[in-house]
Amino acid sequence: MEDNVVLMEGEEPLWCDELNDGTCPIEPTVSFLDALKDRALWLVGLLAFQSCSGFILARNEALLENHPTIIYFLTMLVGAGGNAGNQASVRVIRGLALGTLNESTQAQFLWRELKMGFALSALLSVAGFCRAAAFRTPLPETVAVTCALSLIVFCSICLGAVLPLLLKRIGIDPAHSSTTIQVVMDILGVVFTVLVSTAILDSAVGELLISRLSF
């Protein structure tokens, strides 16, 4: 077998290092225009979907005006969610590509990721609390940021583990989950931050909790 032939199907080579017609080495059966159309449509759709974050923030303008500190941590919160979800998603995609993640190992893997979600959300919550405390953030906002971070990270890991499997089941390339999870967690991160901040900072129960923690 020649060195430049990497993948064989029967006796016909499907990939080599001498492709001069614009063919992608890892997708030899997909033309450049087909790949462009597929990726562009997905990215444009995600771009439009991501606009939801702006609508959510606009509808909660009063919360952000009363507690502007939350805005300073918003990038950290949605970024942590995107990173954690993308990390889980990449592991699933790799497992699918290698064949180690299949019907017989899927339940075991998902259970492991569930435990990983609890563990990482706890660890990142501690890190987020320390960061907020280091910047002398008021206690109510510190508690809100910490709780929101814990919820965001846990949900992003669970969603990142499930999304590639769901896309595969409905006939969509699981590789799209890597970009999708970023956008989904951008939106969910904003939603969770707003909900948690409202519950802790602008509710009677939240104010009672903060008053107890202040002593």
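Me: Among contacts in the protein chain between residues at least 6 apart in sequence, what percentage join residues at least 24 apart?
Reply: This is a predicted model, in which local features need pLDDT of at least 70 and side-chain atom pairs count only at pLDDT 80 or more, while totals for chains, interfaces and linings use all residues. Residues are numbered from 1 along each chain as its sequence is written, and side-chain values use heavy atoms, with hydrogens and water left out. A contact means heavy atoms within 4.5 Å. For pairs at least 6 apart in sequence, the share joining residues at least 24 apart is 76%.

Me: Which pattern does the protein chain follow along the sequence?
Reply: Helices (H or I, at least four residues) and strands (E, at least two) are DSSP runs, numbered from the N terminus. The protein chain has two strands and eight helices. Read in sequence order, the pattern is β-β-α-α-α-α-α-α-α-α.

Me: How far apart are the end C-alpha atoms of helix H4?
Reply: The expected span of a helix is 1.5 Å times one less than its number of residues. H4 covers residues 69–98, 30 residues in total, so it should span 44 Å. The distance in the model agrees with this, at 45 Å.

Me: Where in H6 does a kink lie?
Reply: The 31 residues of H6 (residues 139–169) should span 45 Å, and the end C-alpha atoms are 45 Å apart, which agrees. A bend is the angle between axes fitted to the seven residues ending at a residue and the seven starting there. In H6 the kink is about 30° and comes shortly before the proline Pro164, at Val162.

Me: Is the aromatic pair of Phe118 and Phe154 stacked, edge-to-face or tilted?
Reply: Rings of Phe, Tyr and Trp (its six-membered ring) pair if their centres lie within 6.5 Å; planes under 30 degrees apart count as stacked, over 60 as edge-to-face and the rest as tilted. The whole structure holds one aromatic pair. The ring centres of Phe118 and Phe154 are 4.6 Å apart with planes at 40°, so the pair is tilted.

Me: Which cysteine sulfur is nearest to that of Cys158?
Reply: A disulfide is a pair of cysteine sulfur atoms within 2.5 Å, and the count here is zero. Cys158 is in no disulfide, and the nearest cysteine sulfur, 6.6 Å away, is that of Cys155.

Me: Is Cys158 buried, partly exposed or exposed?
Reply: Buried means under 20% relative accessible area, exposed over 50%, and partly exposed in between (1.4 Å probe, protein chains only). With a relative accessibility of 22%, Cys158 counts as partly exposed.
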